[in-house]
Amino acid sequence: MKIIVNKTEYDIDVEPNMPLLWVLRDILNLTGTKYGCGIGVCKACTVLIDGYPEQSCSIPISYVEGKEVTTIEGLSINGEHPLQIAWKELSVSQCGYCQPGQIIRAAYLISKIPKPTVEDINKEMSEHICRCGTYKKIRDAILWATKD
Amino acid sequence: MDGITNLSRRRFVFGTAVTIAGVVSGFVFSNEALAELIVLDKDKKILGLTPSIWVEITKDNEVIVTVARSEIGQGIRTTFAMLVAEELDADWSKVFAVNADGDPKYGDQSTGGSTSVRTFWMTLRKAGAQARQLLINAAAEIWGVSPSDCFTENSFVYEKNGTRKLSYADLIDKALELPIPPENSIKLKSVSEFKILGKAHKNIDEPLFVTGKAVYGSDFRLPGMKYAVMLHCPYIGGSLLSYDDSEAKKIKGVLGIYRLSEGIAVVADNSWSALKGREALKATWNPGSNQGLSSETIFNTFRSLLGTLPELPKSTIKELNATYEVPFLAHSTMEPMSAFAFFQDGKCEVWAGTQNPQTARNSVASALGISRNNVKVNVLYSGGGFGRRHINDYIVKAAKISKASGFPILFFYTKDDDIKNDYYRPASMHYIKSGVDSQGKISGFYHKVVSQGDVFYVEPPYNISDIRNFTEKHNFGIPTGPWRSVDYTQNVFAIESAIDELANLAGVDPLQFRLNIAKSSRLKGVLQRVAEISQWNSALPKGVGRGVAAFEGYGAYIAHVVEVSVSDEGFLRILKIFAVVDPGFPINPENIRNQIIGSAIDALSTALNAEITIQNGQILQSGFHNYRWLRMEEIPDFEIDILTTSEQPSGMGEVGFPSVTPALCNAIYNAIGLRIRKLPIGKTPLLKSDDKKNHYEKFHFNTYPNPFVSKVQIEVIINDFNKPSLQLIIYDFLGKKLLEPKLSNTGNKFYTELNLEVYPPGVYYAVVCLDNKRYSFPLVKTI
Ligand code: FES
Ligand code: FES
C-alpha cells in the first residue's frame with residue numbers, strides 16, 4: 001500500500017484496518033503523533049488528512065491511500081511554523097504530550113480563519129484535552145501567532 | 001537555526017525517536033549517542049570540562065546541566081538549568097539539560113513532594129559558581145593576572161582592565177590542569193545580582209515539544225524491538241483461572257503470549273497486532289475476596305467508622321458537625337503508562353518516563369532476580385506524572401516481558417488499562433466537629449479522617465486553641481498512591497470548607513475570619529492581596545458568588561478567590577479565579593503562573609467531575625469519556641499575583657491545587673446557599689429548594705429511571721391542554737446545550753426517551769420551556 005506522509009511516499013505492507021496512528025508510530029517511527037486514548041476522545045493523535053484534522057487512532061490506513069497526511073514532523077521539523085514559534089515564545093507546554101495534536105488543529109484553524117477570535121479558538125480547540133491545563137497559553141499563542 | 005540539530009550527539013537521545021545502533025561493552029546495548037558518552041567520559045579532554053557531576057562545559061561553548069529530577073510538566077529542567085546558568089554567568093541560549101540516569105551518585109532522584117527546588121537550590125548554584133571560579137582561575141593563569149582582575153559574562157571570561165577575553169570553551173584545556181576550587185571558597189551571588197533567576201525564562205524543552213521530537217517513554221525505538229500489552233484481571237485483587245490463546249496466536253504479527261503473575265502479556269511486531277492479539281484472548285478470572293465490593297460499601301464503612309468526637313469546650317455557643325467526602329481518583333495522565341526494557345545476558349536496560357528511577361531500578365532488579373548493578377534506568381520525558389509515576393509497575397512489567405520473550409520490549413497501557421490499573425488517590429471521609437464561642441472565635445476543632453490508603457491529617461494553619469486530630473484506616477485492597485499535593489487534596493477541602501461554615505456561624509466575613517486567625521504573616525499577606533485583586537468587598541449580582549480558601553505547604557503560601565454564577569436552571573459557571581502565591585523567591589515567574597493555572601484547572605476538573613467508582617470489585621471508569629477533564633471553552637479567566645517575600649524559593653508543582661476546590665464550594669454556597677460537602681460537585685444538582693414544585697399549576701414532570709445509566713424516559717403532563725407549545729432542552733451542569741429532543745404526545749401527555757450513553761456521569765438538566773418560562777429538572781447519570 002502506498003501512502004504519502006509529510007510529502008514523502010511510503011510503500012508499506014500492513015493490514016488495511018490498522019489505524020493510521022500505529023502505522024505512523026510503529027512502522028514509520030514518526031512518534032510525534034501521540035496515543036492518548038485510542039477511541040477518538042482526547043485528540044492527542046490528530047493529524048491533517050488532505051488539510052483536515054482527523055484522529056489518526058480511529059482512521060484505518062486503507063482510508064488514507066492516495067491522500068496526503070501531515071504530522072507534526074511535517075508541519076516544520078525545525079519548528080519554524082508560526083504556531084511553533086508562538087508556542088516557543090510563550091512557553092505553552094507543560095508535559096508537552098498533547099501539544100503536537102493541539103498545534104496540528106491550530107494549524108488547521110488558522111488555515112481556515114487566518115485571524116481567529118477567542119470564540120473561534122475556543123470552539124475549535126475545545127476538541128482537545130490537555131491534562132496539564134495549558135489551555136490559556138494555547139489560546140494566547142494562537143492569538144500571538146495571528147496578530148498583525 | 002533550530003536549537004536541536006546542532007546539539008552534540010550526546011543529547012541526541014533526548015531529541016529524536018530514531019537513530020539507535022550499536023552495542024556498548026559493559027551494558028546491554030545503547031544508542032549511538034550513549035556509546036559516545038561512555039567512550040568520551042574516559043577522556044574528559046575530548047569531551048569538555050566537568051567540574052562536578054552537575055555541569056559540563058563543551059568544546060562548542062555550551063553548558064550542559066545534569067538534572068536529577070524527572071520532567072513531568074513542572075518545568076524542572078528549565079529551572080535547574082537556570083540555577084546553574086545564573087552562577088556560571090552562562091549564555092542562556094547555549095544552556096542545555098540532560099537527565100541523570102538513576103545512579104546513586106546523584107542522590108535521591110525521586111520527584112515528589114515539590115522538593116526539587118528546595119533540595120537543589122544551593123547545590124546547583126554552587127556547582128555553577130564552582131565552575132565559574134575554575135574558569136576564572138584558568139583565564140587568570142593564562143593571562144598572568146590575579147583571578148580578582150577577571151570577570152565573567154555570557155560564557156566568556158574578561159580581563160577587568162584590559163581587552164582580553166576567552167570563551168569558556170577556550171579555557172577547557174587549561175582548566176583541566178587546575179584543581180577544582182573547594183566548595184568553601186565559593187561565593188554565591190546575592191539576589192540583587194541575579195540576571196537569570198527571578199526573570200521569566202522560556203522552557204528549554206519547548207523546541208522539542210512543538211516539533212514532536214521530545215522522546216517520551218512510549219516513543220523509544222530500537223531496531224528489532226517488539227511491542228507488548230497485557231490482559232489484566234478486571235477484578236481488584238482477583239486472579240487468573242484459565243485462558244485460551246489459540247485465536248490470539250493466529251493474529252498476524254503476534255509473536256508470543258506469556259503468562260506472568262500480573263496478567264497475560266501479548267508480544268507482537270507492532271502495537272496494533274498486540275492489541276488485536278489481546279482482544280482475541282479468552283480468559284476466566286477469579287474475582288477474589290473483593291467480589292461484591294462497591295463504592296457504596298466503602299463509603300458506608302467509612303461512615304460507620306466516623307464514631308463520635310469529644311465534647312467541645314463549654315464556651316461553644318454554636319456547633320458545626322459536618323462530614324466531607326472525597327472519592328478515589330485516577331491520575332489519568334495524558335500519556336498512558338509505558339516503558340521500554342531490554343533484558344539480555346543477565347542485564348536490563350530501561351528507558352521510561354518515571355518519577356523515581358532509583359526505585360524502578362531496585363524493583364526491576366528484584367523482579368528479574370538480578371543485582372541492582374545490572375539494571376540501568378534512563379529517564380525520558382513523561383506525558384504527565386501527578387504522582388502516578390512514583391509507582392513503577394509498568395516498568396517492572398516491561399522488564400519481565402522482555403525477559404520472558406527475549407525481545408527488546410516497548411510495553412504500554414491503553415487508556416482503559418491506565419485508569420483501571422492505577423494507584424488511586426485515596427478516598428476519605430472527614431468528620432469535623434467544631435464551633436464558635438460568644439466572641440465569634442473557634443472554640444475547638446476536632447477532625448477525624450477515615451480513609452482507605454494513607455491520608456494523614458493536616459492541621460488548619462490558624463490559631464485555634466483546641467485542635468484534635470484522629471485518623472482511622474480501613475483497607476479494602478484498592479491500590480493507592482501519591483496524587484498531586486497528596487494528603488492536602490482531601491484535608492484542605494474539608495478544613496477550608498469547615499472554616500467557611502464556621503465564619504458563617506460566627507457571622508463574620510469568611511476572608512476576614514481567616515485573616516483574624518491566620519498564624520503566619522505570609523498567609524495573611526496572600527489573603528490580603530487576594531482580597532484586593534478580587535475586589536472582595538464589592539457587591540455581586542444575584543446568583544453570583546465568591547469563595548475564598550487559603551493554603552500553606554511546600555514552603556509556599558497561597559490564597560484563592562473563585563467567582564461563580566449559578567443560574568436559575570442550576571447551571572454552574574466558573575467565572576474567574578484569583579490566586580495570590582507567595583513562593584518566597586520566584587525563580588521563574590512565568591513557570592509559576594503556568595503551574596498555578598495548570599493546578600487550578602486540575603483541581604476544577606477533579607472537583608467538578610472526577611470520581612473512580614467501584615462496583616463488583618471492578619473499576620467502572622475507562623477513559624476520558626467517562627472520567628472527564630475540562631476543555632478550553634470551560635476554563636475560567638485567571639488573575640495571578642506573585643508576592644516576593646524571602647530569598648528562599650519553594651516548590652510550585654502542587655501548591656496551586658488544594659485551596660481551589662474549597663474556594664469553589666464556598667463560592668457556590670455564597671451564590672445560592674447550598675453547601676457542597678461531597679465531591680465531585682457535578683453529582684449534586686445546584687437548584688434552590690424553593691424552586692422545586694413551583695411548576696405544579698402548569699404541568700407535571702416525571703422521569704424514569706432517575707438516576708439512570710444511559711437511557712431515561714421523560715414525561716411532561718400539561719394541565720391546560722390548549723397550550724401545546726412546549727419545548728424540552730437538555731443541558732450539562734455547566735449549562736452547555738446538548739440536545740433538543742422531539743416530544744411525542746397522547747393528549748396532554750408529552751414524552752420521549754433520551755439516550756445519554758455518550759455523556760460522562762454527572763448531573764444534567766432537563767429544561768421545560770412553557771409560556772416563556774423555563775423550569776429546570778435534574779437528571780442524574782451514573783456509570
Ligand atoms: S488517541 Fe486518538 S483521540 Fe485520543
Ligand atoms: S501539556 Fe501535558 S497534556 Fe498538555
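How far apart do the C-alpha centres of domain 1 of chain A and domain 2 of chain A lie? In this predicted model, the separation is 20 Å. The domain assignment places domain 1 of chain A at residues 2–75 and domain 2 at residues 82–145. Their contact draws 18 residues from domain 1 and 12 residues from domain 2.

The two domains of chain A bury about 1,300 Å² between them. Carbon and sulfur atoms account for 68% of that area. Within domain 1, the residues that lose the most area to domain 2 are A:Lys43, A:Ile72 and A:Leu75. Together these three make up 34% of what the domain 1 side buries.

The rule finds 1 salt bridge between the two domains. The side chains of A:Lys43 and A:Glu127 meet in a salt bridge, with N to O at 3.1 Å. On the domain 1 side, strand S3 (46–49), strand S4 (52–55) and helix H2 (72–75) of chain A each give two or more residues. The residues of that side divide into 10 nonpolar, 6 polar and 2 charged.

The model scores ipTM 0.98 and pTM 0.93. Chain B has a mean pLDDT of 91, and 93% of its residues reach 70 or more. Over residues 1–46 of chain B, however, the pLDDT is below 50. This stretch still has 98 contacts in the model beyond near neighbours in sequence. Where pLDDT is low, predicted coordinates should not be read in detail.

Methods. Residues are numbered from 1 along each chain as its sequence is written. Chains are lettered from A and ligands numbered from 1 in the order in which they are written. This is a predicted model: local features need pLDDT of at least 70, side-chain atom pairs count only at pLDDT 80 or more; totals for chains, interfaces and linings use all residues. Side-chain values use heavy atoms; hydrogens and water are left out. pLDDT is the predictor's confidence in each residue, from 0 to 100. Contact means heavy atoms within 4.5 Å. Domain bounds come from an automatic or database domain assignment. Buried area is the accessible area (1.4 Å probe) that two parts lose on being put together, summed over both. A salt bridge is a side-chain nitrogen of Lys or Arg within 4 Å of a carboxyl oxygen of Asp or Glu. Helices (H or I, at least four residues) and strands (E, at least two) are DSSP runs, numbered from the N terminus. Ala, Val, Leu, Ile, Met, Phe, Trp, Tyr, Cys and Pro count as nonpolar, Asp, Glu, Lys and Arg as charged, and the others, Gly among them, as polar.
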